[in-house]
Amino acid sequence: MAPSSTRQIGLARALSKLGHCSRSEASALIRAGRVTLNGGSRRDPEAPVHLEKDRIRVDGRAIAQAAKTYLVLNKPRGVVTTASDEKGRKTVYHLLHAAAWSTALPWVAPVGRLDKASEGLLLLTNDSEWSACLLDPETHLDKVYQVQIGKLADEELLAAMRKGIKADDGDFLRVKAVRLVRSGQRSSWIEVVLEEGRNRHIRRLLDKLNVEVQRLVRVAIGPLILGQLQKGTVRALTQEEKLSLDRALGKNLSRLKILPP
């Protein structure tokens, strides 16, 4: 899905969309005078750009559209979903750069977020239009979570989660579906399906119901299942996985370029 040649976007956003770096990193490069547009220096990150017409260089090197890249990561607990962290915590980019083939990758961004304490399936891509489609609640793409809670789940709790509750900030939080997976002596695992995930949706909902969340693992996004991907590792989506997600979105998106596994 290439941007229209008549559409203008800011220079920092253009560098991000081209897969060179994050928008904040691009802004820093531009303000430092390291970016030229059509041969002239630009220090305004919002300088208008036609992606298909204009020539962008960073430190004298031409920046072209990177191949569309689609990755899946099994995020461990304690890792943050940001490019950098002011507290020095490990980010998903530490895991990404640990992959032996990561030097061949363009810059990619997470598709949505998993908070620090949450685990599981996280997509990363440089295809911003595709990412926006995945995150758009109008696409009705289910996200499935396995959640360990600090109590024995009963039908009353599951019904309350389906019915929903109003959070302190005014958000109405509920789940599309929930079922009991298994119970121990003092805790239970439940499977939760969200159609529209708000910030810390499940945690905030269960907190309002006075239920402790002990673990939260995202195991599926639409037809894509986390499967046996080891914790902390990343791989490219297969062509079949990408196309199955596209079909689930109801979009006729371009086929991806397969990267080394």
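Which residue takes a positive phi just after α7? Gly 250 does, with a phi of about 75 degrees. This is a predicted model.

## Helix α7 and its cover

Helix α7 spans residues 239-249. Its buried residues are Glu 241, Lys 242, Leu 243, Ser 244, Leu 245, Asp 246 and Leu 249.

## How α4 meets α7

Two packed helices are described by the angle between their axes and the distance between the axes. Here, α4 (residues 128-135) and α7 pack at about 55 degrees. Their axes lie 10 Å apart. The two helices are therefore oblique to each other. The crossing of α4 past α7 is left-handed.

On the α4 side, the contact is made by Trp 130, Cys 133 and Leu 134. On the α7 side, Lys 242, Leu 245, Asp 246 and Leu 249 take part. Sorted by class, the contact of α4 with α7 has five nonpolar residues, two charged and no polar ones. The α7 residues in this contact include Lys 242 and Asp 246, and both are buried.

## Leu 124 in strand β9

Strand β9 covers residues 119-125 and holds Leu 124. The relative accessibility of Leu 124 is 2%, so this residue counts as buried.

What surrounds Leu 124? Neighbours within four places in sequence aside, Leu 124 is in contact with Thr 69, Tyr 70, Leu 71, Leu 73, Val 92, Val 108, Ala 109, Pro 110 and Val 111.

## The nonpolar cores

How many residues does the largest nonpolar core have? It has 37. Those with the most contacts inside this core are Leu 71, Val 147, Met 161, Ile 190, Val 192 and Leu 206. Helix α3 (residues 92-97) gives the largest share, four residues.

Leu 206 belongs to the 37-residue core. Residues up to four places away in sequence are not counted here. Leu 206 touches Val 147, Ile 149, Leu 157, Met 161, Val 211 and Val 213. Leu 71, another member of the largest core, is in contact with Leu 124.

Conventions:
Residues numbered from 1 in each chain as written. Predicted model: local features only at pLDDT ≥ 70, side-chain atom pairs only at ≥ 80, totals over all residues. Heavy atoms only, no water. Core = buried A, V, L, I, M, F, W, Y, C linked by side-chain atoms within 4.5 Å. Buried < 20%, exposed > 50% of the residue type's maximum accessible area, 1.4 Å probe, protein only. Contact = heavy atoms within 4.5 Å. Axes fitted to C-alpha atoms, helices over the stretch in contact; angles between N-to-C directions. Parallel < 35°, antiparallel > 145°, perpendicular 65-115°, else oblique. Left-handed = near helix turned anticlockwise from the far one by under 90°. Nonpolar A, V, L, I, M, F, W, Y, C, P; charged D, E, K, R; others polar.
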